Amino acid sequence: MTRIFEVIVPLLFIVVLTGCSGLQQVSGYELVPVIDRGSDLNSRLEELHATRKLPSSQLKSVLASREREFLDNPSFNNRMNLALLLAAGGSAIQDQARALELLGGIDSMPVSVGEQELVLILKQFLQTQVELSSENDMITAQLAAQEKQIYELKQQLKDLTTIEQNIQQRDKAVEAGDGQ
């Protein structure tokens, strides 16, 4: 009986291992480690969401803190935290051009593919925003210049109307004087 166990147990062990390896080869799937994807991104976005609700004075304080952290250690995380804050942190501290500049510095850093994609998307978005803002500023300046020109033309029209009325009154006075 023990002789049977000595032969059967190793044989069963080999069959089980062979069977499992055969299934793994047939499936064609590669084993992928389980990763908590986006936890850094989620925490960054949650922090950004909470920060955006702060009053201007506290936003400026948070910005100063992020800038100090970045200057002390210009790592990917500190750069991203500062760039996100500048990009979407609220109107009191928003500086999309500077955020875009910070993201440009990541090109030479060793980052993961996912982080590269995130940076690329943010850069494209911010580049579009900066271009639209610049275009908006140009259109606003043109509008102000046109409004000034309209005001000046209205003033000239008013002056010409006054001159014409004065001429007409003078002509009436001359005609009234000739009729006497």
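Which residues does Thr51 touch, not counting residues up to four places away in sequence? I looked this up and found Leu59, Val62 and Leu85. Contact here means heavy atoms within 4.5 Å.

I noted the ground rules next. This is a predicted model, where local features need pLDDT of at least 70, side-chain atom pairs count only at pLDDT 80 or more, and totals for chains, interfaces and linings use all residues. Residues are numbered from 1 along each chain as its sequence is written, and side-chain values use heavy atoms, with hydrogens and water left out.

**Entry: Thr51**
I placed Thr51 in helix α2 (residues 39-52). Helices are DSSP runs of H or I with at least four residues, numbered from the N terminus. Thr51 is buried, at a relative accessible area of 8%. I call a residue buried under 20% relative accessible area, exposed over 50%, and partly exposed in between (1.4 Å probe, protein chains only).

**Entry: helix α3**
I then turned to helix α3, residues 56-72. Its 17 residues reach 24 Å from first C-alpha to last, close to the expected 24 Å at 1.5 Å a residue. The expected span is 1.5 Å times one less than the number of residues. I found Leu59, Val62, Leu63, Arg66 and Phe70 buried in α3. Seen down the axis, the buried residues fall within an arc of 100°, so they line one face of the helix. The arc is taken from the directions from the helix axis to the C-beta atoms. Ser57, Leu71 and Asp72 are exposed on the other side of α3.

**Entry: salt bridges**
I searched the whole structure and got three salt bridges. The criterion is a side-chain nitrogen of Lys or Arg within 4 Å of a carboxyl oxygen of Asp or Glu.

Arg66 meets Glu47 at 1.7 Å, N to O. Arg66 is in α3 and Glu47 in α2, so this pair ties together parts 19 residues apart in sequence. Arg66 is buried at 12%, while Glu47 is partly exposed at 35%.

Arg66 also pairs with Glu69, with the closest N and O atoms 4.0 Å apart. Glu69 and Arg66 are three residues apart in α3, which means a separation of about one helical turn. I logged Glu47, Arg66 and Glu69 as a network of salt bridges.

Arg98 pairs with Glu67, with the closest N and O atoms 2.6 Å apart. This pair links distant parts of the chain, with Arg98 in helix α5 (residues 96-104) and Glu67 in α3, 31 residues apart. Arg98 is partly exposed at 31%, and Glu67 is partly exposed at 23%.

Notes:
Helices (H or I, at least four residues) and strands (E, at least two) are DSSP runs, numbered from the N terminus.
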